[in-house]
Amino acid sequence: MRSTRRAASSVLLTCLMLAGCSPTSLGASTSSGSPSAAAGPSGAAGAGRAIAVGAGPQKTYTVQQQPAAGSCHYRFLKGEPLEDPTCTPGAISPAVTQANLKSTICRKGGYTSGIRPSTSVTGKEKELNAASYGFTGRMGDAEYDHLISLQLGGDPNDYRNLWVEPADPGHKKGSGVNNAKDPVETKLHTAVCKGKVTLAAAQKAIVTDWTTALSRLGLG
């Protein structure tokens, strides 16, 4: 046993000295970044983990692969739907930073309309994502939602930042999309642009739990 340990230690030391070993050769796992529910809770941005960075705005968007059908599960807090943090941990756009807020999300004339993917792309993704979450309600009453909204610097078309958000409790079927998450996003956007909270704090609060994001940041 001791000789085996000595041999393993010797190989590891030699490997490190020569810088010739890859993480996989030492038994570490790597991630391909493709949609998968097998990533487990570690896929969430909670517990101090950094939020993933997506590709950012594109001239042309393509339909993104979604998590496997039935692999994602809604959570509910007082009836309000929350995303599955494994399937939808959130992703931010590299084009929006604390330093360029005035020229991006806080600029006059708006920002989101120029970077939003077309419905020809998001419509197909919505159907695929509905299958991921096992959503069987009226598609017209469900929002294909950016977990970190575009007005908070969320990535426009990263699958990690999009989910089919069911209607709120008491929502009248057939009346279209009207979710309580939307005004939360607007209030966070206003607070960021007024300098009351940082962009990073707002993004972190909404991926942690959008229903408590405002109170978490002392915004009511």
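Colleague: What should I know before reading the model?
Modeller: The model is predicted, so local features need pLDDT of at least 70 and side-chain atom pairs count only at pLDDT 80 or more, while totals for chains, interfaces and linings use all residues. Residues are numbered from 1 along each chain as its sequence is written, and side-chain values use heavy atoms, with hydrogens and water left out.

Colleague: How many disulfides does a search of the whole structure find?
Modeller: The search finds two disulfides, a disulfide being a pair of cysteine sulfur atoms within 2.5 Å. Cys72 and Cys87 form one of them, with their sulfur atoms 2.1 Å apart. That pair links distant parts of the chain, 15 residues apart: Cys72 is in the loop between β1 and β2, and Cys87 is in the loop between β3 (80-82) and β4 (91-92). Helices (H or I, at least four residues) and strands (E, at least two) are DSSP runs, numbered from the N terminus.

Colleague: And which residue does a disulfide join to Cys106?
Modeller: Cys106 is joined to Cys193, with 2.0 Å from S to S. This pair also links distant parts of the chain, with Cys106 in the loop between β4 and α2 and Cys193 in helix α3, 87 residues apart.

Colleague: Is Cys72 buried or exposed?
Modeller: Cys72 counts as buried at 2% relative accessibility, and Cys87 counts as buried at 3%. Buried means under 20% relative accessible area, exposed over 50%, and partly exposed in between (1.4 Å probe, protein chains only). Cys106 is partly exposed at 24%, and Cys193 is partly exposed at 33%.

Colleague: Let us turn to α2. How many residues does that helix have?
Modeller: Helix α2 (residues 119-133) has 15 residues and reaches 20 Å from its first C-alpha to its last, close to the 21 Å expected. The expected span is 1.5 Å times one less than the number of residues.

Colleague: Which residues of α2 are buried?
Modeller: The buried residues of α2 are Val121, Thr122, Glu125, Lys126, Asn129, Ala130, Ser132 and Tyr133. They cover an arc of only 160° around the axis, which puts them on the same side of α2; the arc is that of the directions from the helix axis to the C-beta atoms. On the other side of α2, Lys124 and Glu127 are exposed.

Colleague: What covers the buried residues of α2?
Modeller: The cover includes β5 (143-146) and β6. Strands β5 and β6 run antiparallel and are joined by four bridges; two strands pair if DSSP finds at least two bridges between them. Within this pair, Asp145 stands opposite Trp163 in β6.

Colleague: How many aromatic pairs are there?
Modeller: A search of the whole structure finds four aromatic pairs. The rings of Tyr74 and Trp163 have their centres 6.2 Å apart and their planes at 55°, so this pair is tilted. Rings of Phe, Tyr and Trp (its six-membered ring) pair if their centres lie within 6.5 Å; planes under 30 degrees apart count as stacked, over 60 as edge-to-face and the rest as tilted.

Colleague: Which residues form the aromatic cluster?
Modeller: Tyr74, Phe76, Tyr133 and Trp163 form one aromatic cluster. Trp163 is buried, with a relative accessible area of 0%, and Tyr74 counts as buried at 18%.

Conventions. Contact means heavy atoms within 4.5 Å.
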